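Biologist: I would like to learn how the features of a model are read, with the rule behind each term set beside the case at hand. Could we go through them one at a time?

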Amino acid sequence: MTEPFDEDSKPSRHSGHIGPGPKPGPKRAVNVSIDAKILAAAKTQGINLSQTLEDELRKRTQEAREAKWQEENREAFEAHNRFIEKHGIWSEKYRSW
């Protein structure tokens, strides 16, 4: 028999990520300076500082890689769009919509 629903239990949150997470790399100790009030609040709330920093760095470095890729490939996309505007799509005659 299953346990009854516990109204006092914490709701679970889904990160939105599907599939295995990133493979953890080797850990390295670093020194960081953090505002004392924020640090105290984080500790009070049980926030894992190492994991939080790692997650945020992973997110920001991914965003930076994506922005760099878009900038590096912008001209190629624009050239492709100019070609399509000038010559059309080769399969246009086969479209029925």
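Biologist: In which helix is Ser-50 found?

Modeller: Ser-50 is found in helix α2, where helices (H or I, at least four residues) and strands (E, at least two) are DSSP runs, numbered from the N terminus. The protein chain has 2 helices and 0 strands. This is a predicted model, in which local features need pLDDT of at least 70 and side-chain atom pairs count only at pLDDT 80 or more, while totals for chains, interfaces and linings use all residues. Residues are numbered from 1 along each chain as its sequence is written, and side-chain values use heavy atoms, with hydrogens and water left out.

Biologist: Is Ser-50 buried or exposed?

Modeller: Buried means under 20% relative accessible area, exposed means over 50%, and partly exposed lies in between (1.4 Å probe, protein chains only). Ser-50 has 56% relative accessibility and therefore counts as exposed. Ser-50 and Ala-29 are 21 residues apart in sequence, with 9.6 Å from C-alpha to C-alpha in space. Of the 97 residues in the protein chain, buried residues make up 1%. The accessible surface of the chain, from the Shrake-Rupley method with a 1.4 Å probe, comes to about 10,200 Å², and 55% of that surface belongs to carbon and sulfur atoms.

Biologist: How many salt bridges does the rule give?

Modeller: A salt bridge is a side-chain nitrogen of Lys or Arg within 4 Å of a carboxyl oxygen of Asp or Glu, and by this rule the count comes to 8. One of them joins the side chains of Glu-72 and Lys-68, at 3.8 Å from N to O. Both residues lie in helix α2 (residues 49-87), 4 residues apart, which is about one turn of the helix. Glu-72 is exposed at 53% relative accessibility, and Lys-68 is exposed as well, at 54%.

Biologist: How far apart are Arg-74 and Glu-71 in helix α2?

Modeller: Arg-74 and Glu-71 are 3 residues apart in helix α2, so about one helical turn separates them. Their side chains meet in a salt bridge of 3.0 Å, N to O, and Arg-74 is partly exposed, with a relative accessible area of 41%. Arg-82 and Glu-75 also form a salt bridge, at 2.9 Å from N to O; here Arg-82 is partly exposed at 45%, and Glu-75 is partly exposed at 46%.

Biologist: How much space lies in the largest pocket?

Modeller: On a 1 Å grid over the protein atoms alone, a pocket is an open set of points where a 1.4 Å probe fits, with protein on both sides within 12 Å along at least five of seven lines, and lining residues have an atom within 4 Å of a point. Grid points are joined across faces, edges and corners, and a volume is the space filled by probe spheres set on the points. The largest pocket holds about 580 Å³. It is lined by 20 residues, of which Val-30, Ser-50, Leu-53, Glu-54 and Leu-57 are the closest to its centre. The elements that give two or more residues to this lining are α1 (36-44) and α2, and α2 provides the largest share, 8 residues.

Biologist: Which rings form the edge-to-face pair?

Modeller: A pair of aromatic rings is described by the distance of the centres and the angle of the planes. Rings of Phe, Tyr and Trp (its six-membered ring) pair if their centres lie within 6.5 Å, and planes under 30 degrees apart count as stacked, over 60 as edge-to-face and the rest as tilted. The structure holds 2 aromatic pairs. In the pair of Trp-90 and Tyr-94, the ring centres are 6.4 Å apart and the planes stand at 65°, so the pair is edge-to-face. Trp-90 and Tyr-94 are both exposed.
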